[in-house]
Amino acid sequence: MSRGAGLSFETVLVVILVILLLLILASCIKIVPQAQAFILERLGGYRGTWNVGIHFKVPFIDRVAKRVNLKEQVVDFDPQPVITKDNVTMRIDTVVFFQITDPKLFTYGVENPIMAIENLTATTLRNIIGDMELDQTLTSREIINTTMRSTLDVATDPWGIKVNRVELKNILPPAQIVDAMEKQMKAERERREAILKAEGEKKSSILVAEGNKQSAILDAEAEKQAAILRAEAEKEKMIREAEGEAEAILKVQQAKAEGIRLIREAAADQAVLTLKSFETLEKVADGQATKIIIPSELQNVAGMIKAVTEVAKDD
């Protein structure tokens with residue numbers, strides 16, 4: 001019975017030792033996941049940095065001192081009191097985006113990297129805001145962000161940290177400053193409204209004046225065209241009247257010539273010519289004259305008419 005019990009104890013002891021050995025061997029195998037790095041120390045001193053993959057360490061001598069996250073990290077710091085150049089106290093909270101680039105420096109460079117970044121952010125922010133007035137602070141977020149990022153990036157290089165971005169999350173002025181700003185904004189809005197209204201009225205007046213101007217120009221053009229048309233009509237009328245008078249004169253002259261031609265063709269004798277003379281005197285008598293002078297010798301008148309006839313015949 002005692003021998004069986006002894007064999008059982010030895011067997012159990014061997015099993016325990018094997019299990020302990022397996023546990024020790026298992027603890028010596030480390031797998032580093034993506035975006036992480038392990039800091040390995042041997043007997044308290046820096047041994048090396050394990051990157052992604054499987055690694056082995058010596059039991060009881062080597063140890064993983066720190067697991068470092070290589071992803072970009074975001075830290076939101078509490079609002080910090082700052083004083084502007086014109087002695088206005090406000091509270092500003094910041095958001096810092098950083099990434100660890102050197103796990104060794106991050107592990108051994110500073111005791112508490114996050115606290116160090118927070119304090120460095122607060123002091124840098126006070127230095128920047130201290131050189132600005134309140135209005136400039138409220139309108140210069142991009143300048144403040146850029147200046148803080150470059151300053152923090154240089155300061156955190158010895159810690160193996162790269163600051164990618166710094167953002168001002170909130171700027172909280174005192175309550176009385178907020179009230180004054182709201183009143184100023186209200187007054188500014190009212191001023192802009194008045195300016196826009198005045199500009200609208202001005203543009204309306206300009207448009208009305210332009211419309212009147214165009215209307216006057218169109219009226220003048222219409223009057224000018226009407227005058228031109230009237231002048232052309234009057235001219236056409238005068239031309240036609242002149243043409244009518246010329247045609248009437250031509251007709252009269254043609255009639256006279258025709259009468260002379262008929263007299264010549266008829267070979268009128270002295271008696272006929274004398275009769276024509278009397279007819280001419282009759283026409284003269286039809287006028288408005290109160291006195292008529294008749295030649296003493298009608299023979300002479302007939303002779304004159306005959307002479308005219310001869311001249312016409314020679315032609």
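# Notebook: a buried methionine and its surroundings

I started at Met-132, which is buried, with a relative accessible area of 8%; buried means under 20% relative accessible area, exposed over 50%, and partly exposed in between (1.4 Å probe, protein chains only). Before going on, I noted that this is a predicted model, in which local features need pLDDT of at least 70 and side-chain atom pairs count only at pLDDT 80 or more, while totals for chains, interfaces and linings use all residues. Residues are numbered from 1 along each chain as its sequence is written, and side-chain values use heavy atoms, with hydrogens and water left out.

**Entry 1: around Met-132.** I found Met-132 in the loop between α3 and α4 (134-139). Helices (H or I, at least four residues) and strands (E, at least two) are DSSP runs, numbered from the N terminus. What does Met-132 contact beyond four places in sequence? I listed Thr-84, Lys-85, Asp-86, Thr-137, Ser-140, Ile-143 and Ile-144, where contact means heavy atoms within 4.5 Å. Lys-85 is 47 residues away along the chain, yet its C-alpha atom is 5.2 Å from that of Met-132.

**Entry 2: Thr-137.** Thr-137 is buried, at a relative accessible area of 0%. Setting aside neighbours within four places in sequence, I see Thr-137 in contact with Thr-84, Met-90, Ile-129, Met-132, Ile-144 and Ile-171.

**Entry 3: the nonpolar core.** I then looked up the largest nonpolar core, which has 31 residues. Such a core is a set of buried Ala, Val, Leu, Ile, Met, Phe, Trp, Tyr and Cys residues joined through side-chain atoms within 4.5 Å. Which members touch the most others? They are Ile-92, Ile-117, Leu-125, Ile-144, Met-148, Trp-159 and Leu-168. β8 (89-100), α3 (113-129), α5 (141-156) and β9 (161-172) are the elements giving two or more residues to this core, and α3 gives the largest share, six residues. For Ile-92, I noted contacts beyond four places in sequence that include Leu-125, Ile-129, Leu-168 and Ile-171.

Entry 4: I traced an open sheet of three strands in the order β3-β2-β5, with antiparallel pairing. Its edge strands, β3 (45-50) and β5 (62-69), each pair on one side only. Two strands pair if DSSP finds at least two bridges between them; β2 (residues 36-42) and β3 have five. I picked out Ile-39, whose bridge partner in β3 is Thr-49.

**Entry 5: two positive phi values.** Leu-43 is not a glycine but has a positive phi of about 55°. I placed Leu-43 in the loop between β2 and β3, and at 71% relative accessibility it counts as exposed. Phe-60, also not a glycine, has a positive phi near 70°. This residue lies in the loop between β4 (53-56) and β5 and is exposed, with a relative accessible area of 74%.

**Entry 6: confidence and totals.** I checked pLDDT, the predictor's confidence in each residue, from 0 to 100. The protein averages 82, and 81% of the residues score at least 70. Where is confidence lowest, and where highest? Helix α8 (residues 298-314) is lowest, at a mean of 52, and β2 is highest, at 94. For residues 1-6, pLDDT stays under 50, and I found zero contacts beyond four places in sequence. In total I have eight helices and nine strands, and 22% of the 315 residues count as buried.
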